[in-house]
Amino acid sequence: MLLLSACTSMPPDIRNFSATDIPYQLIAQNTDAYKDTPIRWGGTVIEIENEADSSLMQVLFYPLNRHGYPQTDQPGEGRFAVRTSEFLDPAIFIKGTEVTVTGSVKENIERTVGNKTIHIPLITAQAIHLWPSSYREDNLYWNSRYRYGPYPGYYGYPFFYNGYYTPYRFWW
């Protein structure tokens, strides 16, 4: 169990940051009141804008689970922007990939979505953690694997899983 818990803990680049847990809607409504507040937010990449000396990433906000991973099965709450002095390669930070960001709230910035201009919170990044696609796939597998009960034998596990008879955990 100790080894398995180490695999699922929060990555150190976002764990070792003392963040304030403030809901997205509060900061989006009144960014000035939370200026320079340290936060840990996450979501999916919408767009990357690279400038000469910095990069700006727009992210669709999702609440984080206890491991710091964006819960994309929850409704998205809105956009936020992340500014960093590092170059963010659009080939790596692909639209739809999950990220978790630590940093501080700076201000509201204007962005155009279609024909509408919106104001979104700007975060100055201290760390950006790009979640590998394998993390989502592994979590979906393990979460569905144990949704039937807390221990082997509960609701027929391991012999009955997702409507199929499985006499062995692994078939190879």
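Q: Hi! Is Glu-49 buried, exposed or partly exposed?
A: In this predicted model, Glu-49 is partly exposed, with a relative accessible area of 21%.

Q: Okay, and which residue does Glu-49 form a salt bridge with?
A: Its partner is Arg-111, and the closest N and O atoms of the two are 3.4 Å apart. Arg-111 lies in strand S4 and Glu-49 in strand S1, so this pair ties together parts that are 62 residues apart in sequence.

Q: How many salt bridges turn up in the whole structure?
A: A search of the whole structure finds three.

Q: Nice. Which side chain does Lys-106 meet in a salt bridge?
A: That would be Asp-36, at 2.5 Å from N to O. Lys-106 sits in strand S4 (residues 98-113), while Asp-36 is in the loop between helix H3 (24-29) and strand S1 (38-50), so the pair ties together parts 70 residues apart in sequence.

Q: How accessible is Lys-106? And what about Asp-36?
A: Lys-106 is partly exposed, with a relative accessible area of 26%. Asp-36 is partly exposed too, with a value of 47%.

Q: Switching topic: what does Glu-51 pair with?
A: The side chain of Glu-51 meets that of Arg-83 in a salt bridge, 3.3 Å from N to O. This pair links distant parts of the chain, 32 residues apart: Glu-51 is in the loop between S1 and strand S2 (55-62), and Arg-83 is in strand S3 (residues 78-84).

Q: Where do those two stand on accessibility?
A: Glu-51 is partly exposed, with a relative accessible area of 39%. Arg-83 also counts as partly exposed, at 26% relative accessibility.

Conventions: Residues numbered from 1 in each chain as written. Predicted model: local features only at pLDDT ≥ 70, side-chain atom pairs only at ≥ 80, totals over all residues. Heavy atoms only, no water. Salt bridge = Lys/Arg side-chain N within 4 Å of Asp/Glu carboxyl O. Helix = DSSP H or I, 4+ residues; strand = E, 2+ residues; numbered from the N terminus. Buried < 20%, exposed > 50% of the residue type's maximum accessible area, 1.4 Å probe, protein only.
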